[in-house]
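This report describes a protein–DNA model, beginning with the contact between its protein chains. The DNA surfaces and the strand pairing follow.

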2 protein chains.
Amino acid sequence: MAKVTAYEVAKRAGVSQPTVSRVFTPGTQVSPDKVARVKDAARQLGYLPNTLARSLNSGRSYTIGIVLAYLKNPFYPEALQRLSEKLSEQGYHVMVFFADNLTTDVDEVVEGLMAHQVDGIILASVSTSNDLTQRLRDLKMPFVLFNRGQDDPTIPAVTAANFEGGRTAARFLAAGGHTRIAHIAGWQGSLNGRDRQAGFVAGLNEQGLEPFAIHDSRYHRNNAIRDTLTLFDQPETPDAIFCGNDHMAFAVLEALRSTLGLRVPEDVSVVGYDDVAMAAWKVFDLTTLRQPANRMVEECVAMLTGMIDKTTAPKGRIEIESDLIIRGSARVPDHWPAQKGDRP
Amino acid sequence: MAKVTAYEVAKRAGVSQPTVSRVFTPGTQVSPDKVARVKDAARQLGYLPNTLARSLNSGRSYTIGIVLAYLKNPFYPEALQRLSEKLSEQGYHVMVFFADNLTTDVDEVVEGLMAHQVDGIILASVSTSNDLTQRLRDLKMPFVLFNRGQDDPTIPAVTAANFEGGRTAARFLAAGGHTRIAHIAGWQGSLNGRDRQAGFVAGLNEQGLEPFAIHDSRYHRNNAIRDTLTLFDQPETPDAIFCGNDHMAFAVLEALRSTLGLRVPEDVSVVGYDDVAMAAWKVFDLTTLRQPANRMVEECVAMLTGMIDKTTAPKGRIEIESDLIIRGSARVPDHWPAQKGDRP
DNA sequence: CCCATTAACGGCACCGGTTTCGGTTCTGAA
DNA sequence: TTCAGAACCGAAACCGGTGCCGTTAATGGG
């Protein structure tokens, strides 16, 4: 029952093996009666073309490798599912790899991917060395960084307009009358984290303010809680906190409410970044900057498939605007431009 | 720079192409100096063995297909990551597919996997037709259902001991003095959902109680909210709710607290099922039955690799005990056996 | 009715490895 | 010294398809 080959189908249908191949290859010419005979035989035998053999000489595997750091931040499961669905639509299979930035060597993972003859690679939220991206370039392996950039703006990457987003957060909080605005920052080893922080600082400076305090909580929930408690374990405390992503903002909210017994937004305003689905849950009701996962995924896939088909020249970094989604976790300024539409 | 083959390495090292192959195949005999020469040449040329070609004649791809329904319930991202890591340790690559139970045809997805010559398939939380599992059996394709069972107990599957879990929840709530205990049930089209509900009902009956009400909320957050509101839109209302999984329990908590203004556990007790990481967050502090993802993953991978290597006979369904994790969302009975250890 | 064109399809080489087979060299015991 | 056995390694077949080439049959315009 198992392991039916095109040859056996050919024998049964009374045709040559290449004809069987043609029947299963779109855009080829085969007479209708042979098509019928072959399909019949194939169905009876339970034949499925062997993708591996097909890939071997076409040189294309129709497989994309996605490398992820972790799924604890709910932004990534959402993104992974969308990426996978989008790629499936285009006829690609998806191979996933986890490379937490510490123990696993990303280079090793990528070697595994290349050995598997993937047609392209999406590096989602992994901190890649410049060496690695350089090597991928040398090897002409199409790749896109997703939600991570590198300083070199010609490296293909899709991110939010993080600097602008940080700036918007700062302006929003300043306009709301806050004066002691702290930042629970994303990992400063990532461009995302640095850009959001830089935008935040720039936005405050425009208003004649300085950051109250900045902690690099490295995107980790526990760090964010610890750093929040530190912030409030002092004579002077912040009246607003801008968080490097929603995942940390949830932790900050928890520390503020459950541990410190503070009210949000009456005592402290909180703003996040990402707008994951959970941000809209009433327990959190988080004011945040939306990273439009849909659009990011679309751009990412379009960019990658473009590079694979060589139809489009690599575009370098694409930044997608982050809209501020106003909910209840931060005091709203009296005069603030109307909000854009809700979740797409 | 790209596309280095074993043949080119062989030429440069002054050996035959099969010798290069042998150098990269563990358990073969090659003289030390040729190993050195070949490895040297390979490094210089940046050679990586082509996994596709390798798989083609060995018949094994060292790839496992994982089919998922959705990642919104945080149990699945956690499980996916663990499964992937565990399989990586064993030398397998992981291919993911999403098949929401409605639009996508699971059969189609599985066909794609088989065409890709995967060595085995994990069907996580997808509702499979009996046809499909029967077909996979006929084709001798190793597969395991993860967190889903089928009535036939010989079908390889790893689940929690759901009936027992539901029974424990009922006993715990009854012992806590609740008398009007409702159930926001998991999808009755899944064995998981049915077993948990059946165990719950059995547990209540033992105590001389009947379920206050049961709603099939099909594992969806919005349904759970809607059904909770329905429960309380009546003259008599429940004093406890057992939820088919944590994902729905979070929704129920939100409806109770934010929409209905009720206190948990003073007005209503809530018990979930899964013990995802979020259940321990202080905002939720959810009493719940733990599905030990670690052990489930281990069993699942062991079972699958056993079937692939034909070392172990297929074991049929494996049920893993669910411990009750007592937190703050449900009133605790005065006399209740001590709690087992915390998260492993 | 003839010849040029095209559709249909089999033969063969090939994708990049692995595996079998057999020959050569090396080792060590008799 | 002789010879069995093992270690090593190259030639060739093979894994299951695709792509090119050439042959044959069908089509159609003049």
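Helices (H or I, at least four residues) and strands (E, at least two) are DSSP runs, numbered from the N terminus.

Strand 2 of chain A and strand 2 of chain B pair in the antiparallel sense over 3 bridges, pairing being assigned if DSSP finds at least two bridges between two strands. Within this pairing, Met95(A) stands opposite Met95(B).

## Basis of the model

The model is predicted: local features need pLDDT of at least 70, side-chain atom pairs count only at pLDDT 80 or more, and totals for chains, interfaces and linings use all residues. Residues are numbered from 1 along each chain as its sequence is written, while chains are lettered from A and ligands numbered from 1 in the order in which they are written.

## Surfaces near the DNA

DNA strand C is surrounded by 25 residues, the closest being Ser16(A), Gln29(A), Asn57(A), Ala6(B) and Ser21(B); a residue is near a strand if its C-beta atom, placed from the backbone, lies within 6 Å of it. Helix 2 (17–23) and helix 4 (51–58) of both chain A and chain B give two or more residues to this surface. The largest share, 5 residues, comes from helix 4 of chain B.

Around DNA strand D there are 25 residues, of which Ala6(A), Ser21(A), Ala53(A), Ser16(B) and Gln29(B) come nearest. Here helix 4 of chain A gives the most, with 5 residues. The surface near DNA strand D divides into 10 nonpolar, 12 polar and 3 charged residues.

## The open sheet of chain B

In chain B, 6 strands form an open sheet of mixed pairing in the order 7-6-8-9-10-12. Strand 7 (213–216) and strand 12 (324–325) of chain B stand at the edges, each with a single partner strand, so one side of each lacks a neighbour in the sheet. Strand 9 (269–274) and strand 10 (287–290) of chain B run parallel, joined by 4 bridges.

Terms used: Nonpolar A, V, L, I, M, F, W, Y, C, P; charged D, E, K, R; others polar.
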